[in-house]
Structure formats: C-alpha cells, structure tokens
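Visitor: I am new to reading protein structures. Could you walk me through this one, a question at a time?

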Amino acid sequence: MVQKKGFAAILAICVLIAGTTSARAGKPITIKMASWDPPLVLDTEKTNGQFSSSNMKAQMFKKVVERDSGGRIRVVILPNGQVGGDKDAFEMLQAGALDMSAYPGCVMANFVPECYTYQIPYLFRDHTVANQVMNGHFGNELAGLVLERTGVRILRWGTETFMDYMTSGEPFKLPSDLKGKKIRTPPQSNYIAMTKLLGATPTPVPFSELYTALQQGVVDGSQSPMAVVEMFKLDQGLKFINHNKVSYLVGVVSASERFWKTLSGDDKKLVINAAYQASEFHRAIILYGSHLFGDSLARKGVTVYIPTATEKAAWKAAMHAPMITWTRKKIGDAWVDKILSAVADVEERIYR
C-alpha cells in the first residue's frame, strides 16, 4: 500500500512536470495587448497612485503569462490609447488586428445591446454583488453571446468601480439640482438617456477630450468614475463629486477569436489563468484606491460629497426603474429579466 501511494505521488509529480514542460516547450508567441491608460509605475518601492489604471491589468497579465511560460510567450503592451478609443480597440479585436485588450467594457453595448443590462443605474448594491453576477452564470452566458455576435472572447469580466456625477464647482445633492447643466456622458445612448432623466443636458464627449471640454466650458460636469479624476488631471476642472454610485463600470480582459484559435490547449490555459489573476488584481487595487481617492482629491480642492440615505433614495427613484423600462424597450425582456434574477439570487445567497 505504501509503495502504491509512493508511486502515485511520483506519478503526480511527473504529470505536473510534464504539463509545465509542455507549456514551456511550445512555439514562441508574441501577444499584442492594448490598454487605454498611461503606463503605471508599480513596484515595491513606489507607485504613481493611479489605482484605477487598466494598464495595471495589462502589466499583471504580462508578468503572469511570461513567468508561467518561461518567457516563451511575450506580451507587448500598447498603453495610453495607442490603438484609439474603446470602439477602435474593440473593432481591432474583431478584425484580428489586435490580440488582446484590457479596455473597459461599456462600449460593448454598441455591438451587443444586451450589454446595456449591466449598466442599469443602481443595479448592483456593491462590488461584491457585481463580481458574483458578472463572473457567474449570467456573465458566462452573456460572454457567449458577445463571442457569437462579434468574434471577441471575454476571458474575464472585471468588476471595477462605480460611475458618479460631478460638476466643475457648483454643489448638488439631488437629481433636480442638475437641471439644465451640460453634463458630459460617454457617447452611448443609455448614458444619454439616464442623464436626460435628471433634467440635465447630456453632452457626449470622448473621454480623451473631457479635460479640454471642461477647461473651455463646453460642459459643466461629467458622468465618470471618481477613480479617473486625479489620474487624468480632471481635478483641475471637476471640483464637486456626488459619490452616489449611480452605475457600475464593468471592465474586461478580452481576446480576438482569430488569435485565440492559434493557441494550443496548454497555452489557452496559461492565458486564461493570467487573465483571471490580472482582473482580480485590478479589482482589488481599485477597491483599495477607492478609500484613498477622497482624501487625495480633498487636498486638491475637490469636494467628494457622500449623499444621505434619503438623497440616495431620490437618485435611485429618478433613474433605476425608468432605465429598466428604457432597457426593456431597447432589447426586450429576456436579458433584463436574467440580470435582475441573477442580482436577486446573489443578494439572497450573500446577504440572506
């Protein structure tokens, strides 16, 4: 019996070594991976404090996959929006001109409208629920739909941070306080619709042009994640943030299906593992950074206002149910019902 156990242990070690050797013995591969954000200094000695940078996702992916492949797989990061905006990067993935991307996931609704579901205001009560829903059955099914429709494979949904409304200076506590204000929104119909619900004037502006738009008075404020304000020096134009956590910004680690089909089975496992680790690392460091942003922005003259329970209820009443109705009209009931059911199931399981 002892000899059999010893033989089994040796066999298991041999299988492990063989698997590792196989993973390192394949053909050399170079992966081109894009990230929207600028390169990030991230080591044990210092960091430039950009805790929301998607470049961190790309860096972690690079470190894991290059280490686990023994350097056989090389990752070239294309940072700072070199390939263009969100839509440009997604189209390059579709065409196979880009191998992988760490860009945010909100643009996918332009290609697969069912992705409007996870952008419904006040859908997720917190990061935990968002993570469980998007990386559970609902997220897996939606990823399958994205692949079928676009040829882009979602390797991991990255639940990252909330979107807030913010202004160039004038305080606001209730939705009605934004009436008549020109608010920058991402150039997507759902963000435009939810801003109209507040009586504000939605002004679609690409994120790369937001800084200039604020300086020139083209917009009075923005719908953006608080996490990016300092990173892109938007604190020079945005001075009041109502941190009411309106809608959730879901990121992704994605791959071109054309690229994916060139990988061996072992290499696919290496890439999936690296994508999971990169996504979880990014989520964790944003969560950590979110507890630092307020103090840091305050030192730069930015007010981060935390709404009362009554005020938050007013925001939810103004946006949640109306945007569910809007989304149903846009895509039908099936996928809206799926995500509402998934959220309810997760909340019941976690908070019952």
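Guide: Gladly! Keep in mind that this is a predicted model.

Visitor: Let me step back to the whole chain. How many helices and strands does the chain have?

Guide: The chain has 352 residues, and buried ones make up 50% of them. Its secondary structure comes to 11 helices and 9 strands.

Visitor: What share of the contacts with a separation of 6 or more joins residues 24 or more positions apart?

Guide: A contact here means heavy atoms within 4.5 Å. Among contacts in the chain with a separation of 6 or more, the share from residues 24 or more positions apart is 74%.

Visitor: Is strand β8 enclosed or open to the outside?

Guide: Strand β8 takes in residues 240-256, which makes 17 residues. Of these, 16 are buried, so the rest of the structure leaves β8 largely enclosed.

Visitor: Which strands pair with β8, and which of the pairings is parallel?

Guide: Strand β4 (residues 152-167) runs antiparallel to β8, with 13 bridges between them, and R153 has A255 as its bridge partner in β8. Strand β3 (residues 100-101) is also antiparallel to β8, with 2 bridges, and here M100 stands opposite A255. On strand β9 (residues 303-305), Y305 stands opposite N242. With 3 bridges to β8, the parallel partner is β9.

Visitor: Which strands pair with β1?

Guide: Strand β1 covers residues 29-34 and runs parallel to β2, with 6 bridges; I31 stands opposite V75 there. M33 in turn has M100 of β3 as its bridge partner. With 2 parallel bridges to β3 as well, the partners of β1 are β2 and β3.

Visitor: Which element gives the most residues to the largest nonpolar core?

Guide: That core has 42 residues, and M108, Y118, F124, V133, M134, L142 and W157 have the most contacts inside it. At least two residues each come from α3, α4, α5, β4, β8, α10 and α11. With 6 residues, the element that gives the most is α11.

Visitor: Which residues of α4 are buried?

Guide: Helix α4 has 8 residues, and 6 of them are buried, so-called mostly covered. The cover over these buried residues includes α5, β4, β8, α9 and α11. The buried residues are H127, V129, A130, N131, V133 and M134.

Visitor: Is Q223 buried or exposed?

Guide: Q223 lies in strand β7 (residues 221-225). Leaving out residues up to four places away in sequence, Q223 touches M163, D164, Y165, I183, R184, T185, P186, Y191, M194, T195, V246 and S247. Its relative accessibility is 0%, and buried means under 20%, so Q223 counts as buried.

Visitor: How does G84 count, buried or partly exposed?

Guide: G84 is found in the loop between β2 (73-78) and α3 (86-95). G84 touches W36 and Y103, not counting residues up to four places away in sequence. Buried means under 20% relative accessible area, and G84 has 21% relative accessibility, so G84 counts as partly exposed.

Visitor: What is the distance in space between G84 and A34?

Guide: In sequence, G84 and A34 are 50 residues apart. From C-alpha to C-alpha, their distance in space is 9.5 Å.

Notes
Residues are numbered from 1 along each chain as its sequence is written. This is a predicted model: local features need pLDDT of at least 70, side-chain atom pairs count only at pLDDT 80 or more; totals for chains, interfaces and linings use all residues. Side-chain values use heavy atoms; hydrogens and water are left out. Helices (H or I, at least four residues) and strands (E, at least two) are DSSP runs, numbered from the N terminus. Buried means under 20% relative accessible area, exposed over 50%, partly exposed in between (1.4 Å probe, protein chains only). Two strands pair if DSSP finds at least two bridges between them. A nonpolar core is a set of buried Ala, Val, Leu, Ile, Met, Phe, Trp, Tyr and Cys residues joined through side-chain atoms within 4.5 Å.
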